[in-house]
Structures are given as structure tokens and as C-alpha cells.
Amino acid sequence: MFKTIFRKLILYFLSLSDNQFHPMVFIKGDPLIKHGVYVGLFSEINATGGTLILGDNCDIASFVSINVADSHKKTLGLSTSIKRGSIVLENNVFVGSHSFIGGCVHVGHHSVIGAGTILVGDDIIIPPYSLVVGSPYKIKEGYYDTA
């Protein structure tokens, strides 16, 4: 009983919503999260004002931010609005810890986004079966080669 009350208090005071993963996974907006998805602690999934799809069997590590909004130009006074774009992670995508995925990104199925990778920009398309690492990001060639 104490555990249930404590959980409700934490959710209330931190303005968190209860979700299928853990109260310390931050989900905002209305993302489409398909079957078999895992999201690690302290990760953010923000679909507010945009489209965000996590395909079947995606694995999102802890401390990952996936956010359709980009407010840096508004903050700097260079725009009056927040830019929002769509994010799609197809089936079986792994996103490593401390990575960031911003709006206008499409990641093909069976891809790996390495720890600490930043995917932000206009219309980033990662092909299926890719290993993506770094900041700026690079697609590593031959990751799935068996020879």
C-alpha cells in the first residue's frame, strides 16, 4: 500500500504520467509505441505537436531523449515558433544510452544507434541494417557484413 501511495505522489509532484515502462520514463504527447518496445529509466519520449513512432521490438536504453520539438531558434529570438518534425524508428532498432534523436528523422529497421549519438537535422534518413555513431553522426559501413 505504501508503495502505491508513494508512486502516486511521485507521479503527481513531478507531473509525470503513468506509463507501461516506469514512472521515471518521461512520455509526453501521443507517441505510437508498438509491440515489444523497451524504454530504459530516465529516457524521454516527446511527441508533443508531432508524430513519433517506435516500431515493434525497439530497445531504447536509459538516458535517451527522443523529441520531435526543436526550440533553439525560438529561444535565441531567431523564430517565433518551435519547429516540430516527425520521428520514425522502424522495427528492431536499438538506441544506445545518452543518445538524442530530434525531429525529421527516420531510422530503418534492424539498425543500431550507438551510445552518445546525436541525430538532429533536416530529413535524416538512416537505411535499414545500419550502425550509426557519433556527433556529428556517421553511418559505419560493413556493420552487417558476415565475411
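This is a predicted model: local features need pLDDT of at least 70, side-chain atom pairs count only at pLDDT 80 or more; totals for chains, interfaces and linings use all residues.
View 1. A disulfide would need the two sulfur atoms within 2.5 Å. The search of the whole structure accordingly returns 0 disulfides. C58 is buried, with a relative accessible area of 1%. C104 also counts as buried, at 18% relative accessibility.

**View 2. L89 and its contacts.**

**View 3. The largest nonpolar core.** This core has 27 residues. I66, L89 and L119 have the most contacts inside it. Four strands each supply at least two core residues: β5 (52-54), β10 (87-89), β13 (105-107) and β16 (124-126). In soluble globular proteins, nonpolar side chains tend to be buried together.

**View 4. An open sheet of 6 strands.** The strand order is β3-β6-β11-β14-β17-β18, and the pairing is mixed. β3 (38-39) and β18 (138-140) stand at the edges. Each has a single partner strand, so one side of each lacks a neighbour in the sheet.

**View 5. The pairing of β11 with β14.** β11 covers residues 94-95 and β14 covers residues 112-113. The two strands run in the parallel sense, paired over 2 bridges. F94 stands opposite V112 of β14. Strands of a sheet pair through backbone hydrogen bonds.

How values were computed:
Residues are numbered from 1 along each chain as its sequence is written. Side-chain values use heavy atoms; hydrogens and water are left out. Two strands pair if DSSP finds at least two bridges between them. A nonpolar core is a set of buried Ala, Val, Leu, Ile, Met, Phe, Trp, Tyr and Cys residues joined through side-chain atoms within 4.5 Å. Buried means under 20% relative accessible area, exposed over 50%, partly exposed in between (1.4 Å probe, protein chains only). Contact means heavy atoms within 4.5 Å. Lists of a residue's contacts leave out its neighbours within four places in sequence.
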